[in-house]
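Thanks, everyone, for making the time this morning. I would like to walk you through one structure, and I will ask you to keep the sequence and the coordinates in view while I talk.

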Amino acid sequence: MTNIALLGFGTVGSGVADVLCENAARIADKTGLSFHIKFILDLREFPNHPLGDRVVHDFNTILNDPEVSIVVEMMGGVHPAYDFSMAAIRSGKNVVTSNKAVVAAYGPELLEEARRQGVRYLFEASVGGGIPIIRPLTEQAAENDITEIVGILNGTTNYILTAMKNTGVTFDKALATAQALGYAEADPTADVDGFDTCRKICILAAVAFGTLVPYENVRTVGIRKVTAEDVAKAEVSGYAIKLVARALRTEGGVYLSVEPTAVKRSHPLYAIEDVYNGILVRGRVSGDLLFYGMGAGKLPTAGAVVTDILDIASRGNAQPLQSLWTRDASIYVPFLTASEEEETLATLGYPI
C-alpha cells in the first residue's frame with residue numbers, strides 16, 4: 001500500500017482522487033499496486049465528499065508523516081506550491097505535479113534536489129494534459145538528436161481559432177463561447193496572450209535540450225489581435241491560423257517562440273482543431289513523431305498525474321531515466337537566420 005497526499009482539491013486534484021478510487025481494482029489487477037489517499041491539503045472543507053475526512057489545512061501534517069511517500073501538487077501558481085514541493089523532496093518524499101508554472105520557473109532546482117535526495121520529481125501533466133509527451137521526449141532525448149519541437153499547446157486558444165475558422169465569428173464572440181463552455185477562464189489572459197503556451201514550450205525545450213530558458217525571455221504573441229478577416233484570408237489561401245509554439249536547435253543556440261501562425265494544409269498541425277493539442281517532435285534518428293490528444297480537462301490531466309504516480313510506485317529504488325537541467329538565458333536565440341526563416345515558411349507556414 002502506497003500512501004499519497006494531494007495538495008489541492010480543485011478540478012485536477014479531485015480528478016486524481018476519482019481515477020485512483022474508481023480504478024483501484026483495475027490498477028491492482030494490472031500492476032499489483034494499491035494506493036491510499038491519506039491527506040488532502042486544501043483551504044476548503046469538503047463535508048459531502050467521500051474523502052472529506054482526509055482534508056487538512058497544515059502542510060506540516062503531511063511533511064512530518066513518514067508514511068506518506070508521494071506528494072501530488074496541483075495547487076496552481078508558483079508559491080507556496082514550489083515551497084511545499086521542495087520541502088517534500090528534502091524530506092525524502094517523491095513529488096508529482098501538474099503545475100506548469102512551478103516547473104517552468106524552478107524545474108532545475110527541483111530536479112537537482114530530487115536527484116540529491118534519491119527521490120523523483122515528475123511532471124507529465126504539466127504539458128499537453130492527457131497527452132503522454134514528457135516521458136517519451138525524455139527517452140528520445142537520451143538516444144535521439146532532437147532538432148525541433150513545434151506544437152499547439154493550448155486548448156483554449158485552439159478552440160477559439162477553430163470557432164473563428166468554422167463559423168466566421170469574431171475573437172470576442174469565440175472567447176465568450178469558450179468561457180460559457182468552461183474552456184476558458186473568466187480571466188483568459190494566460191491562455192489568449194500566450195503565457196500558458198510559453199511556459200509549456202520552455203519545459204519541452206528543457207527536456208529535449210537540457211537547458212531551461214526563462215520564459216520571460218521568450219518572444220510571446222497571443223491571439224487577441226487575430227481577426228475573422230485574418231482567419232478567412234488564410235483559409236482561402238490553404239492555411240489555418242494556430243497559436244504555434246516552437247523550439248528549434250540552431251547553430252547559435254535555441255530559438256523559442258510563441259505566435260499566431262498560418263499553418264500550411266500539408267503540415268500535421270493544420271488538422272488539429274477545437275480543444276485538442278498536437279506536438280510534433282523532429283529528431284535525426286526518429287524522424288517526425290506526432291503526439292495528439294486532449295490538451296486539458298479534468299480526467300485527461302488527472303490520468304497523466306496518475307501515470308506518474310504509478311511510475312514512482314512501480315520502480316521502487318530503480319534509477320529512472322531523467323535528465324537534469326541547467327538554466328541559461330544566453331542560449332536563447334530571439335531571431336532565425338534568413339535560411340532558417342525560409343525553411344520555416346516552406347515547411348510550416350508564416351507568422352501573422
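I will go through a helix contact, then the salt bridges, and finally a threonine in a strand.

Before anything else, please bear in mind that this is a predicted model.

Let me begin with the helices. The axes of helix α1, residues 11-22, and helix α12, residues 298-315, come within 8 Å and cross at roughly 65 degrees, and the crossing of α1 past α12 is right-handed. On the α1 side the contact involves Thr11, Val12, Ser14, Gly15, Val16, Asp18, Val19 and Leu20, while α12 contributes Lys298, Leu299, Thr301, Ala302, Val305, Val306 and Ile309.

Which of the two is buried and which is partly exposed? Aspartate 311 is buried, because its relative accessible area of 10% falls under 20%, whereas arginine 135, at 23%, is partly exposed.

A second bridge joins arginine 282 and glutamate 148, at 3.2 Å from N to O. Here, too, distant parts of the chain are linked, namely strand β12, residues 276-283, which carries arginine 282, and strand β7, residues 146-152, which carries glutamate 148, the two residues being 134 apart. Glutamate 148 is buried at 11% relative accessible area, and arginine 282 counts as partly exposed at 25%. Arginine 282 also meets aspartate 288 in a salt bridge, at 2.7 Å from N to O, and aspartate 288, with 44% relative accessibility, counts as partly exposed. Elsewhere, salt bridges that share partners join Arg120, Glu124, Arg135, Asp308, Asp311 and Arg315 into one network.

Finally, the threonine. Threonine 211 lies in strand β8, residues 211-212, and is buried, with a relative accessible area of 12%. Its side chain makes a polar contact of 3.1 Å with the side chain of threonine 326. Leaving aside residues up to four places away in sequence, threonine 211 touches Ala205, Ala206, Thr326, Arg327, Asp328 and Ile331.

Key: Residues numbered from 1 in each chain as written. Predicted model: local features only at pLDDT ≥ 70, side-chain atom pairs only at ≥ 80, totals over all residues. Heavy atoms only, no water. Axes fitted to C-alpha atoms, helices over the stretch in contact; angles between N-to-C directions. Helix = DSSP H or I, 4+ residues; strand = E, 2+ residues; numbered from the N terminus. Left-handed = near helix turned anticlockwise from the far one by under 90°. Contact = heavy atoms within 4.5 Å. Buried < 20%, exposed > 50% of the residue type's maximum accessible area, 1.4 Å probe, protein only. Polar contact = N/O pair within 3.5 Å; in protein donor to acceptor, adjacent residues only side chain to side chain. Salt bridge = Lys/Arg side-chain N within 4 Å of Asp/Glu carboxyl O.
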